[in-house]
Amino acid sequence: RGDAAEARRGRGGKMASTAAGKQRIPKVAKVKNKAPAEVQITAEQLLREAKERELELLPPPPQQKITDVEELNDYKLRKRKTFEDNIRKNRTVISNWIKYAQWEESLKEIQRARSIYERALDVDYRNVTLWLKYAEMEMKNRQVNHARNIWDRAITTLPRVNQFWYKYTYMEEMLGNVAGSRQVFERWMEWQPEEQAWHSYINFELRYKEVDRARTIYERYILSKFEMSNSPVNCFFNINLLVIVHPDVKNWIKYARFEEKHSYFAHARKVYERAVEFFGEEHMDEHLYVAFAKFEENQKEFERVRVIYKYALDRIPKQAAQNLFKNYTIFEKKFGDRRGIEDIIVSKRRFQYEEEVKVRIRNILRAPHTVLSFLLKRSLSLALRRCTQISRHIYIYRYRYICFSIQDSKHLDPERTRQVYQACVELLPHKKFTFAKIWLLYAQFEIRQKNLPLARRALGTSIGKCPKNKLFKGYIELELQLREFDRCRKLYEKFLEFAPENCTSWIKFAELETILGDIDRARAIYELAIGQPRLDMPEVLWKSYIDFEIEQEEYENTRNLYRRLLQRTQHVKVWISFAQFELSAGKEENLPRCRQVYEEANKAMRNCEEKEERVMLLESWRNFEQEFGTDTTKERIDKLMPEKIKKRRKLQAEDGSDAGWEEYYDYIFPEDTANQPNLKLLAMAKLWKKQQQESEAAETDPDKDIDESQS
């Protein structure tokens, strides 16, 4: 009782001291010197030291030497007690049982090891490793009958573990017991295992030249027939059950190739015929027919090969017969005549193009052209006949595809070709849409026939009925090749009346006049072009006009163009291009003019919202001054350069909620800060804050100030 009271008093004292400790919060020492240490230790050094300590050599444990029998028995007793204790703690850990049995085996205590394995099998008879170690121990100690008994028990208990069967058959074969190994294989095949097991059995028989037995195994492998006479299910149904073990196409092919390899060609042909009959027309596979045809090809039975390919192609769906088409084509090229080769290629191509029409029904302007192009090369009448087989919704396009193909059919009648072209252009509803390609091909065809008036008439009709940019360009290109420049001028005028917003046409027209030497006419065309209210690419047009004036060395006109362009846009690239032009003008006053342009650009862009463009201008100006300026101008431009600062701005999501903050860079220009006193006040506030931080640091570390003053 006194001890208990004393313990309670002790616990009470500890609790009181703990409560008092909780009340007193220790003062956290401040780190005065936060500078990095002079000698830095990297993570690599720490890892290297840890690895070196691992490699330190430790003294080996002392070796125990057993000198007499009593000491040996004592050692065995201690080890067995240790193993038994481990097993008693957890019986389900099979590794403890295996270590125990292997230790007994190392002492040549085979009977004890058997007893341990048997006890372990009572605990977990489904453990595959346990059976394997048990049987390997018996085989290692040349206990063949014991090993056979273990394998028999294993395959009876776990018949679906293939490793037991493989080990058992291999052991019997190594012992020279071929009949016993065959008997094990037979027992295994009753369970209808996977394909590799059947192949192992077949290879086993072939190693001993038992071809007839191997053939029998193949028969059972593909079709296995057995009676369930003793089962209660069979007593109820009273039927013979035909079980398909592995009736895949590849297995039939392996069986046939086995017969072919051993020169039983009649048997191989019979296997192929049985396979074709077995699968029927509902489950046909192209691989079976390809293998059958190649077998007949090796036997020089070419007519049989052709019959097999045609039979398969007539019954197998086209999308599943690509390999069949390919092999049939190769066969005909090797052994067939020209007509047979053409037939197979036509059949294959027709299928491909028909599939393309089905898949690309929305893009119908492509696939039928390919169909008819291919067919038309054989004959025009065949093309027209095939054309009618295409859907009636695309009848408008069929003449177009015929016209596309006629240009490659030089053996056709030109008059007949002309009739087809004319029928095509008459059929198309030009008020709704047209095909410029047809008109151009028609004109090219007439030119090839040296009939220029008809070609011009066709292109003129096309422009009158349905003007398109492609038609104008093709007609102008034709007249340019013929050097008919007056016709080109008229066509360009019509083209620009049709599409006045097309900058490329204006530029090409002006370039044509420049080439012809009519500079005033070209300048007038450019003036008309830039005066248009709507243009698709105005920047390209203005650049072409400026380049034209520079090539003519009309520098004053070029300056006026730049001034007119700057009235429409204040883009930074226009200013920079203007300055570079003044620099390259080639006169004495080019540097002052260039500097004046930069001055005007800087004044004009002070109110620009895009500060990056203003920075780009100043950088271009600085590069100019560094190359051609004086010290005064260089110093002046350096003062104009902005300061790059980092800022934050608040982001909002699409629903209006806060999405955090985003950092971005902004530019502060010295010219802007002079006009904004608030920015000066902000700079003074930053300076005051910095001085305050320095004074606080001096108060927290006075020794540092003394050291600095002494130094």
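Buried means under 20% relative accessible area, exposed over 50%, and partly exposed in between, with a 1.4 Å probe and protein chains only.

**Ground rules.** This is a predicted model, so I note that local features need pLDDT of at least 70 and side-chain atom pairs count only at pLDDT 80 or more, while totals for chains, interfaces and linings use all residues. Residues are numbered from 1 along each chain as its sequence is written, and side-chain values use heavy atoms, with hydrogens and water left out.

**Salt bridges.** I counted a salt bridge when a side-chain nitrogen of Lys or Arg is within 4 Å of a carboxyl oxygen of Asp or Glu. Searching the whole structure gave me 36 of them.

I looked up Glu195 first, and found its salt bridge to Lys250, with the closest N and O atoms 3.6 Å apart. That pair links distant parts of the chain, since Glu195 is in helix 10 (residues 195-207) and Lys250 in helix 13 (residues 249-261), 55 residues apart. Helices here are DSSP runs (H or I, at least four residues), numbered from the N terminus. Lys250 is partly exposed at 44% relative accessibility, whereas Glu195 counts as buried at 17%.

Then I checked Arg88 and Asp85, whose side chains meet at 2.6 Å, N to O. They sit 3 residues apart in helix 3 (residues 69-89), about one helical turn. Arg88 is exposed at 59%; Asp85 is partly exposed at 23%.

**Rings.** For Phe, Tyr and Trp (its six-membered ring), I paired rings with centres within 6.5 Å; planes under 30 degrees apart are stacked, over 60 edge-to-face, and the rest tilted. The structure holds 27 aromatic pairs. Tyr272 and Phe292 have ring centres 5.0 Å apart and planes at 10 degrees, so I logged them as stacked. Tyr272 lies in helix 14 (residues 265-279) and Phe292 in helix 15 (residues 286-298), so the pair ties together parts 20 residues apart in sequence. Tyr272 is buried at 1%, and Phe292 is buried at 8%.

Tyr526 and Phe548 came up as a tilted pair, 5.4 Å centre to centre with 40 degrees between the planes.

**Last look.** I ended on Ser505, in helix 27 (residues 503-515). Ser505 is buried at 3% relative accessibility. Leaving aside neighbours within four places in sequence, Ser505 is in contact with Tyr492, Phe495 and Leu496, where contact means heavy atoms within 4.5 Å.

Note on methods:
Helices (H or I, at least four residues) and strands (E, at least two) are DSSP runs, numbered from the N terminus.
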